[in-house]
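I will talk about side-chain packing and then about aromatic rings.

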Amino acid sequence: MAAPAAADAAHAAHMRRAIELSRRAGLEERSGKCFGAVVVDESGAVVGEGYNKVIAESDPTWHAELAAIREATRRLGRPSLEGCTLYASTLPCPMCTGAIYWAKVACVYYGADNEDMIRLGVNGGSGDYTRDVFFGREDRLDPPQRARLPFRQFMREEAAAAHGDYVNLPPGSRAVY
């Protein structure tokens, strides 16, 4: 029984890091909204990290997941992340989900979800921001129903808290895009 507890502890450590990165983006550097991601290889080693820099880089594609994937593929020296796990502070958007599929990531753990974003008023609090565009049918399914790539929600409350802190920043101090 020690193995599941160790695995849970490892998952929690990686998700905590993704949440720390999300706080760095939205609350500390204000480089973008609160999104962070970590890629871990088969051995459990972190091979890529990223956080939202949409505002800092004036680049609408500078999402946490894409930054983490780019760093991981560069460090591993290959375009495939087969066998790797991605930890995202929030359910990945369609663009990032597409990249996750293209990179052949084995599994995704995510924290906050669409309902959290709407409840907290992130992106104005309206609409389903992760499903408004995407070319694949798999993305249109709720994450637990996806067959080709498991999406598992994990540490939702902790991840959503970062977004709540972001929304409660004083007027004019949040990244707006």
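I start with L86. Setting aside neighbours within four places in sequence, L86 is in contact, meaning heavy atoms within 4.5 Å, with V38, V39, E65, I69, I100, V105, C107, V108 and Y109.

A word on the source. This is a predicted model, in which local features need pLDDT of at least 70 and side-chain atom pairs count only at pLDDT 80 or more, while totals for chains, interfaces and linings use all residues. Residues are numbered from 1 along each chain as its sequence is written, and side-chain values use heavy atoms, with hydrogens and water left out.

Now the cores. A nonpolar core here is a set of buried Ala, Val, Leu, Ile, Met, Phe, Trp, Tyr and Cys residues joined through side-chain atoms within 4.5 Å. Buried means under 20% relative accessible area, exposed over 50%, and partly exposed in between, with a 1.4 Å probe and protein chains only. The largest nonpolar core has 25 residues, and V39, L81 and L86 have the most contacts inside it. Two or more residues each come from β1 (36–40), α3 (64–76), β3 (85–90), α4 (94–102) and β4 (107–112). Those helices (H or I, at least four residues) and strands (E, at least two) are DSSP runs, numbered from the N terminus. α3 gives the largest share of this core, 5 residues. Apart from it lies another core of 18 residues, including I19, L21, V38 and Y87. In soluble globular proteins, nonpolar side chains tend to be buried together.

Next, the rings. How many aromatic pairs does the structure hold? It holds 2. Rings of Phe, Tyr and Trp (its six-membered ring) pair if their centres lie within 6.5 Å; planes under 30 degrees apart count as stacked, over 60 as edge-to-face and the rest as tilted. Y87 and Y109 are a stacked pair, because their ring centres are 5.2 Å apart and their planes lie at 15°. This pair links distant parts of the chain, with Y87 in strand β3 and Y109 in strand β4, 22 residues apart. Y109 also pairs edge-to-face with F154, at 5.8 Å centre to centre and 75° between the planes. F154 sits in the loop between β5 (151–153) and α6 (156–167), 45 residues apart from Y109.

Buried or partly exposed? Y109 counts as buried because its relative accessibility is 10%, whereas F154, at 21%, is partly exposed.
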